[in-house]
Amino acid sequence: MLAPMVGLTHYAVRRGVQGFLPEGARVLWPTEMLNSRRIPSQHESETPEINFKDHEWGLCPQLLANDETFIRLSVKRLESWGASAIDINMGCPVEKALRHNYGVALMGDPKYAQEVVAHTVESATVPVSVKLRAGLESKDFDYLHGFVAGLIDAGASWVTIHPRTAEQKRKGVADWNLIRRLKARFREEGRPVEIIGNGDVQCFDDIEAMFQESDCDRVMVGRAMMAKPWLIRNEPEPDAETQGAWYGEFLLRVLSEMREHYSWDAGRRRMLFLIVWGKPWIEFGEYLQGRIQAARDYAEMEAAILKFFSQPQRILKRSSLRG
Ligand SMILES: Cc1cc2nc3c(=O)[nH]c(=O)nc-3n(C[C@H](O)[C@H](O)[C@H](O)COP(=O)(O)O)c2cc1C
């Protein structure tokens with residue numbers, strides 16, 4: 001699965017990744033995190049974040065939410081735009097989320113987090129899930145287990161775990177074993193819980209390793225999917241140069257959707273952001289970024305991409321992933 005990422009998992013990028021999904025395969029697609037205080041007054045496709053034109057692919061929009069009224073209004077609106085499921089963000093560690101008591105802040109208040117899930121489930125006709133972290137500051141296994149149990153009791157259909165603490169942000173290493181322990185504990189209790197594992201997967205071997213080590217039900221990939229959207233296929237990758245050519249095709253597909261649906265300003269910023277997050281795996285990615293940055297309109301951007309990929313390019317198996 002593709003992970004929800006602000007500035008990245010908007011419509012045009014989703015379309016780009018969807019192009020690599022084998023025919024007939026079905027997964028849920030994330031949006032970026034969407035603010036439940038804003039959604040009720042917005043119209044579909046008003047901005048790239050809420051462009052739902054690919055809703056027939058199975059969209060699972062992600063909500064930043066903590067208030068019953070805004071949850072109810074947002075859920076109704078997201079469903080009318082075609083949501084197939086709704087995910088609640090309990091993992092975002094940025095200062096603003098903490099100040100407004102949503103995102104990972106909810107992990108500090110299990111009862112309140114349960115209420116947020118219960119309100120969402122009551123308002124929704126589609127399944128509700130939660131994406132969360134290992135904890136706030138420390139990894140307290142019993143606390144995490146109790147927290148997840150509470151979410152499931154409140155009606156969550158599954159959870160996605162990015163096993164780092166809020167304090168770690170994206171530093172350190174994602175603790176896949178924590179997911180294994182959680183799966184085992186729930187199984188022992190006779191109530192298996194569906195867990196999607198997330199964190200640090202960079203290539204097909206890592207997908208296999210995460211399934212093995214964490215015992216998770218699905219693997220969700222964020223950053224690496226921006227350079228290797230074909231990871232959505234869950235198949236061994238071809239050689240580095242074939243991947244380079246595929247990456248070029250991906251960028252052109254994203255560009256063509258942007259051209260059709262986004263203003264130049266909105267598309268330009270998002271294409272640059274996509275390259276910035278993908279470049280750790282792209283040989284000469286810095287150069288590509290410079291060429292994209294210099295483009296003054298969509299035609300120049302397309303020309304820059306075509307020129308870069310007129311030479312064979314290589315995609316690296318792993319990068320240092322520190323950021
Ligand atoms: C630029 C960026 C934006 C992100 N935005 C979100 C978000 O909106 N919602 C969310 O749940 N996680 C967000 N994340 C976290 C990712 O979904 C994921 O949990 C994290 O990057 C670890 O997975 P990875 O190692 O596969 O990238 C974001 C990550 C990045 C790099």
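The C-alpha centres of domain 1 and domain 2 lie 27 Å apart, in a protein chain divided into domain 1 (11-233) and domain 2 (240-308), with bounds that come from an automatic or database domain assignment. This is a predicted model, in which local features need pLDDT of at least 70 and side-chain atom pairs count only at pLDDT 80 or more, while totals for chains, interfaces and linings use all residues. Residues are numbered from 1 along each chain as its sequence is written.

**Domain contact**
- Between the domains, 15 residues of domain 1 are in contact with 17 residues of domain 2, contact being C-beta atoms, placed from the backbone, within 7 Å.
- The side of domain 1 that touches domain 2 has nine nonpolar, three polar and three charged residues, where Ala, Val, Leu, Ile, Met, Phe, Trp, Tyr, Cys and Pro count as nonpolar, Asp, Glu, Lys and Arg as charged, and the others, Gly among them, as polar.

**Strand S3**
- Five of the five residues of strand S3 (residues 86-90) are buried, so this strand is largely enclosed by the rest of the structure; buried means that 20 or more other C-beta atoms, placed from the backbone, lie within 10 Å of a residue's own.
- Ile 86, Ile 88 and Met 90 lie on one side of S3, and Asp 87 and Asn 89 on the other.
- S3 and strand S4 (residues 128-135) pair in the parallel sense over five bridges, pairing requiring at least two bridges found by DSSP, and Ile 86 stands opposite Val 128 in S4.

**Ligand surroundings**
- The shell around the ligand divides into 10 nonpolar, eight polar and five charged residues.

Technical notes:
Buried ≥ 20, exposed ≤ 12 C-beta atoms within 10 Å, placed from the backbone. Helix = DSSP H or I, 4+ residues; strand = E, 2+ residues; numbered from the N terminus. Contact = placed C-beta atoms within 7 Å.
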